[in-house]
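Reader: Can you walk me through this one? Keep it quick.

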Amino acid sequence: MDNLARLKLRTEEVDETVLQDCLESAKSAIMARRYPFQEWPEELETGIALLDEQHQSFLRQVNRFYIKFRFKQQKESAEEQLDFLQNYLLSHFQAELAFMLEHGYPKARDHQASHQMLAIQVKQQALELKAQDYSPESVEAFCRFVGAWASQHIMQEDMEFCRFLRAAR
């Protein structure tokens with residue numbers, strides 16, 4: 001019996017869309033607690049090569065940042081690395097939005113707003129990191145925040161776009 005069938009049995013909910021949303025929410029919460037990732041989690045695969053490559057690359061960079069500054073305390077290049085992460089994120093957001101607009105995704109602008117909110121939050125977190133002189137605790141908090149946000153965003157909003165693409169084909 002798969003998870004959807006188990007949930008249906010336990011809740012007596014008949015609407016599979018509601019059940020699927022519940023499962024995706026649960027997966028997101030689990031993924032957020034698993035950060036930083038030892039390896040790329042299958043649950044974050046969208047099936048769209050461009051997005052998957054960029055997501056993997058970004059989270060790999062966050063993992064490197066985490067290891068480098070949380071454990072090795074190499075503060076001398078922290079600001080440069082942080083700028084790189086922020087720029088990569090913005091570049092990815094632009095590519096993802098262009099892809100969504102190219103495919104006529106009706107929620108592309110809402111998706112863009114979500115990205116803009118994260119960009120603001122990352123900038124605030126980066127200022128906090130600098131203010132705390134890249135302390136191990138602040139580095140961990142930053143990486144956990146970014147990793148958790150990315151996991152939840154991919155599993156909910158990006159996957160919603162993927163469902164739209166599959167339905168459009």
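**Fold and burial**

Author: Of the protein's 169 residues, 41% count as buried. Buried means under 20% relative accessible area, exposed over 50%, and partly exposed in between, with a 1.4 Å probe and protein chains only. This is a predicted model: local features need pLDDT of at least 70, side-chain atom pairs count only at pLDDT 80 or more, and totals for chains, interfaces and linings use all residues. Residues are numbered from 1 along each chain as its sequence is written, and side-chain values use heavy atoms, with hydrogens and water left out.

Reader: How many helices and strands are there?

Author: Six helices and zero strands. Helices (H or I, at least four residues) and strands (E, at least two) are DSSP runs, numbered from the N terminus.

Reader: What share of the contacts join residues at least 24 apart?

Author: Among contacts between residues at least 6 apart in sequence, 65% do. Contact means heavy atoms within 4.5 Å.

Reader: Now the cores. Which residues have the most contacts inside the largest nonpolar core?

Author: F58, F65, L82, L129, V139, F142 and C143, in a core of 26 residues. A nonpolar core is a set of buried Ala, Val, Leu, Ile, Met, Phe, Trp, Tyr and Cys residues joined through side-chain atoms within 4.5 Å.

Reader: Which elements give two or more residues to this core?

Author: α3 (49–71), α4 (78–102), α5 and α6 (136–168). The largest share, nine residues, comes from α6. There is also a second, separate core of 10 residues, with L97, M100, C162 and L165 among them.

Reader: And what does F58 touch?

Author: L85, Y88, L89 and V146, leaving out residues up to four places away in sequence.

Reader: Switch to F99. Buried or exposed?

Author: F99 counts as buried, because its relative accessibility is 16%. F99 is found in helix α4. Leaving out residues up to four places away in sequence, F99 touches I48, L50, F161 and L165.

Reader: How many cavities of 30 Å³ or more does a search of the whole structure find?

Author: Two. On a 1 Å grid over the protein atoms alone, a cavity is a set of points where a 1.4 Å probe fits but cannot get out, and lining residues have an atom within 4 Å of a point. The largest cavity has a volume of about 120 Å³. A volume is the space filled by probe spheres set on the points, which are joined across faces, edges and corners.

Reader: Which lining residues are closest to the centre of the largest cavity?

Author: H55, F58, L89, H92 and A150, out of 14 lining residues. α6 gives the largest share of that lining, five residues. The lining divides into 10 nonpolar, four polar and no charged residues. Ala, Val, Leu, Ile, Met, Phe, Trp, Tyr, Cys and Pro count as nonpolar, Asp, Glu, Lys and Arg as charged, and the others, Gly among them, as polar.

Reader: What lines the second largest cavity?

Author: F58, V62, L85, Q86, L89, V122, F142 and V146. The volume of this second largest cavity is about 40 Å³. α4 gives the most to its lining, three residues.

Reader: Last one, α5. Which residues are buried?

Author: A108, H111, S114, H115, L118, V122, A126 and L129. α5 (residues 108–131) has 24 residues and reaches 35 Å from first C-alpha to last, close to the 34 Å expected. The expected span is 1.5 Å times one less than the number of residues. After α5 comes D133, with a positive phi near 55°.

Key:
1 Å grid on protein atoms, 1.4 Å probe; cavity = no way out; pocket = protein on both sides within 12 Å on 5 of 7 lines; lining within 4 Å.
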